[in-house]
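Thanks for sending this one over. Here are my notes for someone opening the structure for the first time.

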Amino acid sequence: MTKAMMNKGGVFIVSGPSGSGKDTLLVKLFEKMPEIKFSISCITRGMREGEKQGEKYNFITKEEFLGMIERDELLEHNRYVGNYYGTPKAPVMQAVENGCDMVIEVDVNGAEKIREKMPEAVSIFIMPPSFDELERRLSGRGTESAEIVAERMNNSLREIERASEYDYIVINDDIDTAVDDIMSIILSQRLKLDRIRYIIDEVLEKC
Ligand code: 5GP
């Protein structure tokens, strides 16, 4: 039997407050580990400069989003700064069944809901190195009004309060070190007994 048939993929929940630098970090992670799948969320907020449809997000209308909730097509969903964010269920299930590792980037509430449904998921929280650096990163973005920046700062601090719910904390001070840290977490999960039990079984079957 092939590895893909025997081995289920791992689900890695990644959260980090706005300003933690997790987007840049994840781009670098996917450059280094292109075999990992990324869960593309459906969201109802407007597209920011530089964002593309279907890259990190599928930008959909509120009506489309509510339709997905009604048809039970979302693993979890949440409202954030007036917009809906949700994780489509099918791609995650498909990746796991095909033996692919999948990264799901969600906020702390989304992480909590996924953990309830998939207790085997590994959760990683990306931390900014300090309060001052978080403030600098949020106000330096320059694409949003002062009220939105203040709301994001407040949301970020509320998220950091829940960092202890996660399996792993990665401090994003030096980006390369932080990427290496996430890679170590993913690689170590691939060596867990449950992920390689099929090899033991295969060897013993031939005894
Ligand atoms: P942003 O608007 O800055 O791209 O994202 C805002 C927040 O929404 C971030 O904390 C991000 O992790 C979170 N987020 C992105 N996709 C999802 C999702 O599918 N579900 C949930 N619950 N949160 C999401």
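1. A word on the ground rules. This is a predicted model, where local features need pLDDT of at least 70, side-chain atom pairs count only at pLDDT 80 or more, and totals for chains, interfaces and linings use all residues. Residues are numbered from 1 along each chain as its sequence is written, and side-chain values use heavy atoms, with hydrogens and water left out.

2. Who sits around the ligand? The shell has 18 residues, and the closest are Ser 41, Tyr 57, Glu 76, Tyr 85 and Glu 105; a residue is near if one of its heavy atoms lies within 4 Å of the molecule. By class, nine are charged, five polar and four nonpolar. Here Asp, Glu, Lys and Arg count as charged, Ala, Val, Leu, Ile, Met, Phe, Trp, Tyr, Cys and Pro as nonpolar, and the others, Gly among them, as polar.

3. Strand S5 (74-80), strand S6 (83-88) and helix H7 (146-160) each give at least two residues to that shell. Helices (H or I, at least four residues) and strands (E, at least two) are DSSP runs, numbered from the N terminus.

4. Now the polar contacts (pairs of N or O atoms within 3.5 Å; within protein, one must be able to donate a hydrogen and the other to accept it, and residues adjacent in sequence count only if both atoms are side-chain atoms). The side chain of Tyr 85 has an N or O atom 2.5 Å from a ligand oxygen. For Ser 41, the distance from its side chain to an oxygen of the ligand is 2.7 Å, and a polar side-chain atom of Glu 105 also lies 2.7 Å from a ligand oxygen. The protein covers 98% of the 510 Å² of accessible area that the ligand has on its own (Shrake-Rupley method, 1.4 Å probe).

5. Is Gln 189 buried or exposed? This residue of helix H8 (residues 175-190) is buried, because its relative accessible area is 9%, and buried means under 20%, exposed over 50%, partly exposed in between (1.4 Å probe, protein chains only). Its side chain makes a polar contact of 3.3 Å with that of Tyr 168.

6. Helix H2 (residues 22-32) holds Leu 29, and Lys 32 lies in helix H2 too. Leu 29 is buried at 0% relative accessibility, whereas Lys 32 is partly exposed at 46%. C-alpha to C-alpha, Leu 29 is 7.3 Å from Met 183, though 154 residues separate them in sequence. Lys 32 and Val 179 are 147 residues apart in sequence and 8.8 Å apart in space, C-alpha to C-alpha.
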